[in-house]
Amino acid sequence: MTTPSNSHASLPNAGRAAAAAILGAAMVLQGACGRTAPPRAEHRAEGPVRPCLADRPVPGPAPSTAGMVYAAPGRFVMGGSPMRQEEGPPRTTRVGGFWIDRTDVTNADFARFVKATGYVTQAERPLDPKAYPGLSGDQLKPSAIVFVGSSSPPGADPGQWWRVVQGADWRHPEGPGSSIDGKDALPVVQVGWEDAMAYARWLGHDLPTEAEWEYAARAGGPPTRFIWGDRPFDDAHPQANVWQGVFPAIDTGADGYKVEASPVGCFAPNRLGLYDMAGDVWQWTRDWYRPNLDAKSTDDPSGPAAEDALAPGDPAGHRHVIKGGSFLCSPDYCYRYRPAAREAGPGDTGENHIGFRTVMRLPAPGAAASEPARKSH
Ligand SMILES: [Ca+2]
């Protein structure tokens, strides 16, 4: 299958400042009047959102493995897709043992963190005018990036289906007219990398490295195209929350979720017991992003150094790797709900299809006395 080399997310993932600079007059900064433009694809009916994992443990700030599973040390084939240069050649990679959240962090989880700490996310803060001298006063206001849909054909300018929206944040994922009321079980979105890391540190956790994330997603299986094997996505028996139809105009919602995230844990877990490692929302990793991988770094790799991860022309500067794809990934365009796929998240804000989960690098169950904790990345 051939797919466009550019991503649906490539332009806004440069960050809100970069989007402002690139989109120019095409960008709409939204005030308190609601959505910038209605999405072409209709959302599903409003109403309570039922959780899919009724027994999901609640993470706590004390070091704890509640809601986590252990990934034993091992080797796996990382990367492997010839269709995207940035995914690199297949390479056998070693990863140490670690605990990882069974699900993405939810709105309820993040709300507990904010209530306990008073934390203010990146999307809720204005940009520093000294750091962004080219932006106007309006463009410096708190904002985040929102998918609004388009009738444009795939391959067109991604700026046509993204907007930088003032007032969009984790409590208002699509702008001031939206909310997370009744959506406790959905993955938190509109959180930047800093926000995800702050949450992880609050729990005494960390974000996974890209290698840890992909190792956990593949879960000890052969190097298949998808986490469930090599079978394509099946509309009749959906394996994940992704996009069905013609991106970015029509999502049929055959998987039950049309242009929206699903509650965590609504689709079958992988072999390790992890939910939503394909689709639903992208997940932040700890690693800095660089398009060209160092394929020789195969011993518990943790990505390039910050100074090697500069994004030319991007006023947001450095960016981090996101993995897993999202509800906006379709076979005909993004196609990044594969474990080898990778993208760069925005450096200075969130998007309404990026969330995260955390890890802890502690010994295996029952091995605390004999197995030392791993190094911190
Ligand atoms: Ca869907």
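Me: What makes Lys323 the partner of Gln283 in S10?
Reply: In this predicted model, Lys323 of S10 is the bridge partner of Gln283. Local features are reported at pLDDT of at least 70 and side-chain atom pairs at pLDDT 80 or more, while totals for chains, interfaces and linings use all residues. Residues are numbered from 1 along each chain as its sequence is written.

Me: How do you know that strand S9 and strand S10 pair?
Reply: Strand S9 (residues 282-288) and strand S10 (residues 320-323) share three antiparallel bridges. Strands are DSSP runs of E with at least two residues, and helices are runs of H or I with at least four, numbered from the N terminus.

Me: Why do strand S11 and strand S12 stand at the edges?
Reply: The open sheet of four strands is ordered S11-S10-S9-S12, with mixed pairing. Strand S11 (343-344) and strand S12 (354-355) each have a single partner strand, so one side of each lacks a neighbour in the sheet.

Me: Why is Asp138 called exposed?
Reply: Asp138 has 11 C-beta neighbours inside 10 Å. A residue is exposed at 12 or fewer other C-beta atoms within 10 Å of its own, buried at 20 or more, and partly exposed in between, with C-beta atoms placed from the backbone; Asp138 therefore counts as exposed. Asp138 lies in the loop between helix H2 (107-117) and strand S5 (143-147).

Me: What does Ala196 touch, not counting residues up to four places away in sequence?
Reply: Ala196 touches Val191, Leu207, Trp284 and Phe356, where contact requires C-beta atoms, placed from the backbone, within 7 Å.

Conventions. Pairing = 2+ DSSP bridges. Contact = placed C-beta atoms within 7 Å.
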